[in-house]
Amino acid sequence: MTTQAALAIEDINAERVLDGDSARKPARSRFAMERVNWPGTIVLILCAVTVLIPLYVTISTAFKTQGQAVDGNAFSLPAPWSVDGFTAAWELTNFPRAFTISLLVTAFSVAGTIILAALASFAISRNWDRKLFRYSFYYLLAAMFLPFPVVALPQIQLTGLAGLDNPVGVTILHIMFQLSFSILLFTAFLRSIPGELEESARIDGATTWQTFWRLIFPLLAPMSATVGIFAFLASWNDFMMPSLIISDPASQTLPVVQNIFQTQFSNNYNVSFASYLMAMAPAIIVYLFTQRWVMEGVTQGAVKG
């Protein structure tokens, strides 16, 4: 056997060894990726159970008759299924009116929060070197530690003097109290967007306003969804602010209306659970359809590109 032939055989054997190692490495990596974190999985299962069990009891009780709802067996399925509780709750609380008011307040709160927070975050992130914008950001962050109950009394007096003791005033306050957290998310996300994109738009003749609406704002879609879902849940489920600000009981939001009729629900568990289910159904539906954007937006905003 010549020296060249021996070297060729050694090269072939070396390639086989390398190929074998490369074939085994993905298998090991796949095995490592498929390894289950059992402590974390068990904790998540327990957390899910603490949510799913009350949700199951709520749904099953809402579809029971009044006699089945007070038989002491909360985990039994309705037999037969009944919608009498929903009918009674619909008529008793004037559900369409309260639902419409809550929907309008929440929709305008979400839209206002997204637009104002995006505009403010764009100005702050692109002018970070200026003290005025940087200190404004710190000021807004400090407002996150100021809950509504602390400033409830002056807010009640100011809205009353301004004629905003109605759903419009509640909408404005919802937007104001959501701005701090929303600006924090938007600013972190905007830092991951390359500035070269804006420079290219300006070279093409776009103004700052056009650059924001035609280029930057569409890129903020994942974070806008994240901010929107947080604003929706905070506004839709809010009880304290509408109950203190809105003076007319006929213009109250759905959580407050339910509390007003709480005494009439005390002995009718099927009616009370049906009312609660109708009130929280929109929040559950919105979260189910948008929850994938929540972690996506937060994750992208946490990493600077």
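**Legends: the largest cavity and its surroundings**

**View 1. Residue classes around the largest cavity.** The lining of the largest cavity comprises 3 nonpolar, 4 polar and 1 charged residues. The model shown is predicted. The residues that line the largest cavity are Ser102, Val105, Thr106, Ser235, Trp236, Asp238, Pro242 and Thr253. With Asp counted as charged, Asp238 is the charged residue of this lining.

**View 2. Volume of the largest cavity and the helices beside it.** The structure contains 1 cavity of 30 Å³ or more. The space within the largest cavity amounts to about 40 Å³. Two or more residues of its lining are given by each of helix H5 (95-126) and helix H11 (221-236). Helix H5 supplies the largest share of the lining, with 3 residues.

**View 3. Helices of the chain.** The chain has 14 helices and 0 strands. In sequence order, its pattern reads α-α-α-α-α-α-α-α-α-α-α-α-α-α. Among these helices are H5, spanning residues 95-126, and H11, spanning residues 221-236.

View 4. Of the chain's 305 residues, 34% count as buried. Among contacts in the chain with a separation of 6 or more, 74% are between residues 24 or more positions apart. The accessible surface of the chain is about 18300 Å². Carbon and sulfur atoms account for 68% of that surface.

Technical notes:
Residues numbered from 1 in each chain as written. Predicted model: local features only at pLDDT ≥ 70, side-chain atom pairs only at ≥ 80, totals over all residues. Heavy atoms only, no water. 1 Å grid on protein atoms, 1.4 Å probe; cavity = no way out; pocket = protein on both sides within 12 Å on 5 of 7 lines; lining within 4 Å. Points joined across faces, edges and corners; volume = space filled by probe spheres on them. Helix = DSSP H or I, 4+ residues; strand = E, 2+ residues; numbered from the N terminus. Buried < 20%, exposed > 50% of the residue type's maximum accessible area, 1.4 Å probe, protein only. Contact = heavy atoms within 4.5 Å. Areas by Shrake-Rupley, 256 points an atom, 1.4 Å probe, with all protein chains shown as cover.
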